[in-house]
Amino acid sequence: MSDRDKRPSGAEEELAGLFALARAAAPEPSDALAARVLAQATALQGGALQGGAAPAVRPAPAGRDRRPGRAGLGIGRWVNAGGLALAGALGFAAGFAGLLDAAPLQTALFPTSLFPASATQADEAAELNYLTEGPPGASVLLGAESDRAE
Amino acid sequence: MDGSRVRTTEASATDHPQRDGAAATGGAGFVADPVRRADALSMERFAAGDRAAARDLTERFLPLCYRLACRLLSVPAEAEDVAQEAMMRLFAKAPDWQGERARISTWLYRVTANLATDRLRARPTLPIEAADAVPAPGPGPEAALTDRARLMALQAALDGLPERQRLAIVLSQIEGLAQAEVAQVMGCGIEAVESLVARGKKGLAAALGPQRGALGFGGEDE
């Protein structure tokens, strides 16, 4: 260890003396600063008292709580689950019926008066014809064209 | 400058690495430490609009903020601004003060240190009138002159230290905080505080060495 490393013991004492001096001569805030801070503090309190700030602890509502309680939330969850299960079952039934024959389900679900079977079948036939053969009369024209080409 | 720095967010001032086992509730109801309980009661009273609590808090804690700000900044006008800002933050915190988390003094030391550090970083160079922060000591004109010279020298030497060394020295050696509380304020471990203080003392000794004779410490450094 060098002399310089040993020396701080004396310097330590001197530093301790300086620290003690600094503690004794602590700077104090001026009265003007204290008055300013106090004025701002009371102004802040005034704002809070007039409803400008949130209260320390938010009080519980005095009246009846209209939000659902734990029991209400539980019931709500069961209703939601039931609805989901019902929708799933209906979807499954619809899909299953589609594999076999859609007609029974359609007739079961929708009254035939709304969708007369004959009318829908006729519409479907007309649409198919239009797609494969063109509009009514087109076959005649096409036939004439082909004749002329020949 | 030291690599790490004191976190400068006000919210971080309530984070404490060493938490006690008190129940995590607000207010003063479940606070085991009597100082924290008294602090929490004062804050509750303040939040409830008690003017006496405002006066009490100001009288108890403004000097603390101002002292620390003076020692870190060396400029009384800046120290006033920082102390005022720190107190305003304390008052604003009153409605949701969590008494079990910190003493007001610890919280304020940290907030003041952060505000002062921000100020120090914002200014380009050390102010020439740094010695203005040194109050005139009391007894006898000759002794007073020596004491004033010593205080000015100490302040100048402190100003020359890295931020965290300066804060550790001021809090532990001048403000008289226990190492654990300094660690809380600075957001580090006790070992780190010890190291900062040791290095800070070495830096001060080196800075003051050439002035030992002039300061009446028994002759010039060899």
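This is a predicted model: local features need pLDDT of at least 70, side-chain atom pairs count only at pLDDT 80 or more; totals for chains, interfaces and linings use all residues.
Residues are numbered from 1 along each chain as its sequence is written, and chains are lettered from A in the order in which they are written. Local features need pLDDT of at least 70, side-chain atom pairs count only at pLDDT 80 or more, and totals for chains, interfaces and linings use all residues; side-chain values use heavy atoms, with hydrogens and water left out.

In the interface, 41 residues of chain B are in contact with 31 residues of chain A, where contact means heavy atoms within 4.5 Å. About 3,400 Å² is buried between the two chains, 68% of it on carbon and sulfur atoms; buried area is the accessible area (1.4 Å probe) that two parts lose on being put together, summed over both. In chain B, the residues losing the most area to chain A are R51(B), E80(B) and Q84(B), together 14% of what that side buries.

Across the interface, 8 residue pairs are in polar contact, both residues being at pLDDT 80 or more. A polar contact is a pair of N or O atoms within 3.5 Å; within protein, one must be able to donate a hydrogen and the other to accept it, and residues adjacent in sequence count only if both atoms are side-chain atoms. The elements giving two or more residues to the side of chain B that touches chain A are α1 (34–47), α2 (51–73), α3 (76–93), α5 (141–159), α6 (163–174) and α8 (190–208) of chain B. Helices are DSSP runs (H or I, at least four residues), numbered from the N terminus. The most residues on this side, 10, come from α2(B). By class, this side has 24 nonpolar, 4 polar and 13 charged residues; Ala, Val, Leu, Ile, Met, Phe, Trp, Tyr, Cys and Pro count as nonpolar, Asp, Glu, Lys and Arg as charged, and the others, Gly among them, as polar.

The whole structure has 11 salt bridges over all chains, and the count between chain B and chain A is 2. A salt bridge is a side-chain nitrogen of Lys or Arg within 4 Å of a carboxyl oxygen of Asp or Glu. K201(B) and E12(A) form a salt bridge at 3.5 Å, N to O. In the salt bridge of E80(B) with R36(A), the closest N and O atoms are 3.2 Å apart. E80(B) lies in helix α3 of chain B and R36(A) in helix α3 (residues 31–49) of chain A, so this pair joins two chains.

The lining of the second largest cavity includes 4 residues from α2(A), which gives the most.
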